[in-house]
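Student: I am new to this structure. Could you show me how to read its pockets?

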Amino acid sequence: MRSKIVAGNWKMNKTAGQTNALLAELSAKLPDTRAEVMVAPVFVNLTQAVGQLGGSKIEVVAQNMHFADNGAYTGEVAADMLLDIGIKTVILGHSERRAYFGEDDALLAKKVQQALAKQMRVIFCFGEELADRKAGNHFNVVESQLKNALFALPADAWKQIVLAYEPVWAIGTGETASPEQAQEMHAFIRQLIAGGYGDALAQNVSILYGGSVKPGNAAEIFSKPDVDGGLIGGASLVADDFIGIIKGIG
Ligand code: PGA
């Protein structure tokens, strides 16, 4: 059985004090849920967040990491440094990393390799831009993003992979893919994995949707059979909104 997951990507938001306040409110209000719940604060607040959430159901995850073990990579953070403070999951390939920091499929393949070698779990993000969708090219774009970064992996590695389909045109824009558009793409993605690795493996991969998920649209999106949860940006910064989204998965 694949996991249901609701993960909050805080991006470059929240000071230490604000992190403390939001986590306290989330912990106090967290409903009973079948989903795994995750939050991804900025690097400098991860240690504090892990300490604060110790023993809670909310997992603290990282927004990014480097592919090397250590070394002369100014401004970067390595897997061992995350593991050392209790972080076991990392988001890789977010569209903002791709667009603003030049991360491409080849680089992401190296980051994924490193995370897997370190026994970390990866939330791998991908998705087409508006121009791709308008040109009817969205399936091709998604297929190549996935194949380039993930399809050289051995079957066993997929136990550590969670996918997050995030159409770039829906991120932070208030424009959400319709539940039908999300389901159509998620089913396509699952078929791709089945084609490469077999149906049993494909059925076990969680595929999250991301892009303007809000309390008001979460339940409908999550009700689709191939949507296993969400990666939430803006709405994860407000406790009641994030809680409302978690309630949407049941
Ligand atoms: P959004 O961001 O929910 O603010 O659209 C989603 C994401 O970037 O993961």
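This is a predicted model: local features need pLDDT of at least 70, side-chain atom pairs count only at pLDDT 80 or more; totals for chains, interfaces and linings use all residues.

Student: What volume does the largest pocket have?

Tutor: Rolling a probe the size of a water molecule over the atoms shows where empty space is left. A pocket is an open set of points on a 1 Å grid over the protein atoms alone, where a 1.4 Å probe fits, with protein on both sides within 12 Å along at least five of seven lines; lining residues have an atom within 4 Å of a point. Volume is the space filled by probe spheres set on the points, joined across faces, edges and corners. Here the largest pocket holds about 490 Å³. It has 17 lining residues, with K11, M12, Q63, R97 and F101 closest to its centre.

Student: Which helix gives the most to that lining?

Tutor: A helix is a DSSP run of H or I, at least four residues, and a strand a run of E, at least two, numbered from the N terminus. Helix α4 (residues 95–101) gives the most, four residues.

Student: What about the second largest pocket?

Tutor: Its volume is about 180 Å³. Among its 19 lining residues, K11, G172, S212, G233 and G234 are closest to the centre.

Student: Where is E166?

Tutor: E166 sits in the loop between β6 (161–165) and α8 (179–197). Its side chain makes a polar contact (N or O atoms within 3.5 Å, one able to donate a hydrogen and the other to accept it; neighbours in sequence count only through side-chain atoms on both sides) with the side chain of H94, at 3.4 Å.

Note on methods
Residues are numbered from 1 along each chain as its sequence is written. Side-chain values use heavy atoms; hydrogens and water are left out.
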